[in-house]
Each structure stands twice: as C-alpha cells, then as structure tokens.
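Subject: Two-chain model for your review

Dear colleague,

I am handing over the structure that we spoke of, and I would be grateful if you could look through it before we discuss it.

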Amino acid sequence: MTPRARHAVNRMMSALSAASAVLVVLPLLLIFGFLLWQGASAVNLDFFTHLPKPVGEAGGGMANAIIGSLVLIALAAALSLPLGILGGVYLAESRDRRLPWLARFLADVLNGVPSIVVGIFAYTVVVLPMKRFSALAGGFALAVIMLPIVVRTSEELVRLVPSSLREAALALGIPEWKVLLRVVLPTARAGIVTGVMVAVARVAGETAPLLFTAFGNRFWHQSLDQPIAALPLQTFAYAIAPYDDWHRQAWAGALVLIALVFVVSLAARVATRGRFTGVR
Amino acid sequence: MAVVATTVPATRAAPRNFGDRALRVVLTATASAIVVLVVALAAEMIRASLPAVRAFGWRFLFTSTWDPVAEHFGAVPFLYGTLVSSFLALLIAVPLGLGAAIYLAELAPVWVRAPIAFLVELVAAVPSVIYGLWGIFVLAPLLRTWVQPALGATLGFLPLFQGPPYGIGMLAAGIILAIMVVPYITAVSREVLLAVPNSQREAALALGATRWETTRIAVLRYGRSGLLGAILLGLGRALGETMAVTMVIGNRPEVALSLFAPGYTMASVIANEFTEATSDLYLSALIEIGLLLLAVTVIVNGLARLLVWSVGGPVRRPRE
C-alpha cells in the first residue's frame with residue numbers, strides 16, 4: 001500500500017471507531033430523552049403520594065411502589081452488607097490458601113448468575129416454606145444479587161489500605177480486631193460506601209427476581225411477610241397492560257427509576273474522584 | 001494492585017486474646033457462609049428440577065412441545081430462542097463494542113476518554129425494564145413500520161426476513177440485547193487494551209506504522225484472548241437477560257426461522273409462567289430450564305474470566 005492509502009485507512013478506521021463509540025452511547029440519550037418527553041408530564045406530586053387508581057380512573061400514583069422499593073433495598077442491604085463487607089475483609093486479609101480462593105471464585109460465579117435464577121432460588125427457600133410471596137423473599141433475592149458486588153469491592157478497598165498504617169497500629173500493641181475496626185475499615189470506608197452505592201444502583205432496577213418473590217401489591221404493604229410493590233415491578237406491569245393511562249404511569253415510573261439510578265451512580269463517581277487513582 | 005496488604009504471617013499460632021480469636025471465627029464464618037450460599041443455590045436448583053428430570057429425562061432437551069395442560073414439556077423453543085437472540089445481539093454488539101473500546105483506549109483524544117467511558121457505564125446501569133419499555137413503545141413500532149418492510153423488500157428472498165412485520169419478535173429482542181450487552185463488551189475490552197504493554201505500541205510506531213496499524217498489529221493481536229473473554233462476558237449477560245427480552249420477543253414457544261417471528265427465551269418463559277405454574281411438574285420443568293440457564297451462564301462466564309485474566313492479571317470487572 002502506498003503511504004497515502006495507509007493514511008486513508010488510518011483515518012477511516014479512526015472515524016469508524018469513533019462512530020461506534022457514538023453508537024454505543026446513543027441509546028442512552030435516546031432512551032433518556034424519550035423518558036423525559038413521555039414521563040415528565042406524568043411525574044407530579046400525586047405520583048409520589050397516591051396509590052394506583054383502578055383501570056379507567058385517571059391519575060393516581062406509585063407511592064406504594066416507591067416505598068416498597070425503598071423497603072426492599074433496605075432489607076437487601078441489611079442482609080447483604082454485614083456478610084459482604086466482612087467477607088471482603090476476610091478475602092483481603094486471610095493468608096489461608098483454600099477457603100479465600102473458593103469464596104472469591106464462588107462470589108464471581110454468583111455475580112454471573114442470571115437474576116431470574118436467583119429469583120427461583122429465593123422462591124424455593126423463602127416463598128415455599130412461608131407459603132406466600134413476601135417482602136422478605138424479595139429482599140433476600142436482592143441481597144443475593146448485591147452480595148458478590150459488595151464482597152469484591154470491599155476486598156479491593158481493604159487491600160488498598162497502606163500496610164504502613166496497619167503496621168503502625170499493630171506496633172503500638174493494638175490487637176488485630178481493634179486495628180481492623182478502628183484503622184483499616186475507617187480508612188477504606190469511603191470506597192466501601194461507593195461500592196455499596198453501585199450495588200444499590202444495580203438492585204434498585206432489578207425486576208426479574210421480584211416477579212415471584214415480592215410479587216407486587218396494588219396497596220400499601222401491611223407487614224414484611226406480605227407481598228410488596230416495587231417501582232420496577234409496577235413499571236413492568238403497567239408497560240405490558242393495554243391501557244394508555246397506565247403506559248403514561250409506566251413512563252413516569254421508568255423516569256423516576258432511571259433518575260434514582262443515575263443519581264446514585266453519579267454520586268458514587270464523584271465520591272471516588274481523585275481517590276485511589278489508577279485503580280478505578 | 002498498587003499496594004499489597006501485609007498482615008500477620010499465616011503460620012502464626014492462634015491469637016491469645018479473645019477479641020482476635022473472635023474476629024478470626026467471625027471472618028471465617030462469613031466466608032464459609034458465602035460458599036454455603038452458592039452451593040445451596042446450585043443444590044436447590046438441582047433438587048427442585050428433579051421431578052422434571054425424572055419425568056422427561058433427555059427428551060426435555062430435544063422435544064419442542066410445550067403443553068402445560070397435557071404436561072408435555074420440551075425446552076427446544078426456549079433453547080433456540082435464547083441462542084438465536086444472543087447470537088443476533090453479539091453480531092451487532094461485537095463490532096460496535098470492540099470499535100468503541102479501540103476508540104476509548106487507543107485513538108480518542110485524551111480529554112474525551114473519561115467522559116465517554118462514564119457514559120458507557122451509565123448505559124450498563126439502565127435497568128432492564130426500562131430497555132423493555134423503550135423496546136415496546138419505540139423500537140418495535142420503528143421496526144414494524146420502517147425496518148422490517150425494508151428488509152423484507154430487499155432481503156426477503158432469505159427465509160430469515162420473511163413473514164408479516166409484527167415489530168415485536170426475535171429481531172427486536174436481538175437489537176435490545178445488543179444495546180444492553182455492548183457496554184459490558186466495551187468496558188472489558190477497553191481494560192484489556194489498556195493492559196497491553198506500551199512497548200508493543202512503541203515497537204510498531206517505531207517501524208513507521210500508523211495509529212490504526214499499530215492497534216491492529218500490536219495491540220489487538222496481543223490482547224486477542226482477553227477480547228474474546230470480553231465477548232464471552234457479554235454473551236453471559238445476553239443469555240440470562242430477562243425483562244427487556246420478555247417485553248419485546250413476543251413470547252410464543254415456537255421454533256421459527258424468520259427473525260420477524262415471535263420467539264421465547266429460557267429466561268422469559270420463567271418470568272412469564274412461573275407464577276402461573278399450576279402443577280408441581282410444570283413448576284419443576286420451569287426450574288429445570290432455570291438450571292440449564294445457570295449451567296450455561298456459569299460455564300460461559302468461567303471461560304470468559306480465564307481468558308480475560310490471561311492477558312493482564314485479574315482485570316477489574318465493569319460495574320454491574
């Protein structure tokens with residue numbers, strides 16, 4: 001090839017690769033734009049404060065689903081954070097050979113398990129014994145999805161704590177458990193919080209594992225052993241229903257959901273800016 | 001990893017004070033709990049699908065009748081739908097994802113790299129149900145009125161593009177899946193490319209190669225196996241993706257050659273029919289489909305991780 005041809009190929013491939021980067025990001029803008037266009041009009045005070053109206057009646061909101069999602073996320077966090085953070089600490093600190101390797105490997109495996117399969121698991125171990133769909137089952141399913149993310153981020157961040165800090169504390173005669181609680185975890189805290197936020201952003205939008213665990217509810221939930229509504233679940237139910245009014249509500253639900261996810265993701269990004277550069 | 005944690009050596013005797021012993025017990029217990037949880041998940045899936053395995057044996061994998069009333073269950077339409085929709089998704093997503101990764105890691109001006117990489121992360125963070133909603137109300141009508149008639153008119157002699165344009169169907173599912181997996185492929189490929197040593201690039205540049213030639217000769221070839229791993233990670237995502245696909249694929253348990261026709265995937269049959277499964281055998285058949293899905297995704301993900309690791313040590317997975 002002549003030099004001119006080679007440079008032409010170079011320019012062409014550069015343009016193609018730039019075009020594909022644009023195409024990868026384009027759907028985000030299209031979808032967000034559409035959500036704003038279709039959903040913004042239906043997002044009003046009623047949406048956040050009212051229960052869904054029966055078919056045919058205009059108005060109503062998803063207040064129960066918003067609260068339901070918060071309850072489910074709180075349950076999932078309560079179940080997965082202690083286990084996940086301590087598990088991460090173990091993976092980072094342990095000098096054993098077998099158990100850390102196995103736990104790390106299985107956490108990665110769990111991370112790749114489709115969320116619908118996690119839903120089945122929650123169904124057989126929580127719903128079947130309790131003989132009913134419940135917020136607990138939904139929270140459990142989400143916790144299983146959160147767990148590997150929390151474990152692996154905690155591990156990475158505990159590893160990042162400089163050993164000099166640890167050694168300084170140990171040299172003062174402080175017992176290991178105190179070093180962990182007072183030196184290592186506080187140092188890694190900002191990063192771990194970020195990891196938790198990423199995990200929350202992920203499960204906030206999960207629908208599949210809630211279908212047959214939390215199940216959904218058109219009213220306020222009474223207690224944690226009852227079915228509960230969730231924002232993504234209600235959005236799904238409204239999207240596939242044949243009523244225009246419900247479609248508008250679905251767009252609104254989706255807009256609120258995506259805003260939630262973006263705000264959490266952005267916050268996580270801002271929180272880590274400038275910190276631990278070169279790792280993230 | 002920038003800093004290696006150095007704590008007490010492994011051979012040290014059990015700590016004397018109570019707090020440290022308690023700490024050790026608690027930490028070991030949590031790690032064991034993670035192991036137990038994953039083993040329990042697999043065991044539970046196997047146990048719950050035993051009735052269907054006993055009733056149908058290997059036939060389950062090779063018959064295509066799905067008749068809940070007569071309790072004849074065969075998984076072929078779902079296996080077919082999952083494979084075809086995922087393959088279609090990769091067909092679209094691989095060139096785009098690799099192209100975007102090359103742009104972000106090699107060719108883009110430095111100041112645009114971080115913002116675009118962040119946007120790619122956001123594409124991955126959009127909940128599945130929102131892609132589904134968009135698929136139903138924007139993509140499917142678009143396909144029905146413009147794309148499918150055009151494809152039918154030009155390529156209609158191929159069996160792939162025959163039949164009435166519903167909009168909803170295998171093609172819509174493939175496109176939605178492509179949009180959803182492309183950020184994973186981009187993010188992992190980008191990390192693989194960034195892990196390629198600079199000496200590779202410098203050697204090619206020193207020989208007078210252009211940027212693209214450097215990328216092709218030195219970078220892509222070096223990172224080959226990692227890029228394959230990135231693609232497999234995307235495949236793992238596509239296989240297990242549920243909500244968006246359920247909303248646009250049409251949910252008809254048939255094996256149709258045409259991409260315009262409705263189909264059904266393993267994940268979406270579980271999502272749609274699980275709460276309606278009236279008999280134990282029906283439920284068990286659905287769980288067996290879940291077990292198959294689990295097995296396939298674990299194998300694909302495991303393979304992917306090995307390949308990605310082979311390039312530059314354990315690369316950080318994209319945020320999920």
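What follows is an account of the confidence, the two chains, the interface between them and a few side-chain pairs.

This is a predicted model, in which local features need pLDDT of at least 70 and side-chain atom pairs count only at pLDDT 80 or more, whereas totals for chains, interfaces and linings use all residues. Residues are numbered from 1 along each chain as its sequence is written, chains are lettered from A and ligands numbered from 1 in the order in which they are written, and side-chain values use heavy atoms, with hydrogens and water left out.

Confidence

The model scores ipTM 0.91 and pTM 0.91. In terms of pLDDT (the predictor's confidence in each residue, from 0 to 100), chain A has a mean of 90, with 97% of its residues at 70 or more, and chain B averages 90, with 92% of the residues scoring at least 70. Two stretches call for caution: pLDDT stays under 50 over residues 276-280 of chain A, for which the model has 10 contacts (heavy atoms within 4.5 Å) beyond four places in sequence, and likewise under 50 over residues 314-320 of chain B, for which there are 27 such contacts. Where pLDDT is low, the predicted coordinates should not be read in detail.

The two chains

With helices (H or I, at least four residues) and strands (E, at least two) taken as DSSP runs numbered from the N terminus, chain A has 10 helices and 0 strands, while chain B comes to 11 helices and 2 strands. Read along the sequence, chain B follows the pattern α-α-β-β-α-α-α-α-α-α-α-α-α. Along the principal axes, the C-alpha atoms of chain A fill a box of roughly 70 × 70 × 35 Å, and those of chain B a box of roughly 65 × 65 × 30 Å.

The interface

In the model, 86 residues of chain B are in contact with 91 residues of chain A. The area buried between them (the accessible area, with a 1.4 Å probe, that two parts lose on being put together, summed over both) is about 8200 Å², of which carbon and sulfur atoms give 76%. Between the chains there are 2 salt bridges (a side-chain nitrogen of Lys or Arg within 4 Å of a carboxyl oxygen of Asp or Glu), and in one salt bridge the side chains of A:Arg269 and B:Glu121 meet at 3.4 Å, N to O. On the side of chain B that touches chain A, helix H1 (residues 18-56) of chain B gives the most, with 20 residues.

Side-chain pairs

Over all chains, the count comes to 13 salt bridges. A:Asp108 forms a salt bridge with A:Arg152, the closest N and O atoms being 2.8 Å apart; A:Asp108 lies in helix H4 (residues 98-112) of chain A and A:Arg152 in helix H6 of chain A, so this pair ties together parts that are 44 residues apart in sequence.

A search of the whole structure finds 22 aromatic pairs over all chains, where rings of Phe, Tyr and Trp (its six-membered ring) pair if their centres lie within 6.5 Å, and planes under 30 degrees apart count as stacked, over 60 as edge-to-face and the rest as tilted. The rings of A:Phe133 and A:Phe215 are stacked, because their centres are 4.3 Å apart and their planes are at 5°. This pair links distant parts of the chain, 82 residues apart, with A:Phe133 in the loop between helix H5 (115-130) and helix H6 (135-160) of chain A and A:Phe215 in the loop between helix H8 (176-204) and helix H9 (231-239) of chain A.

With best wishes
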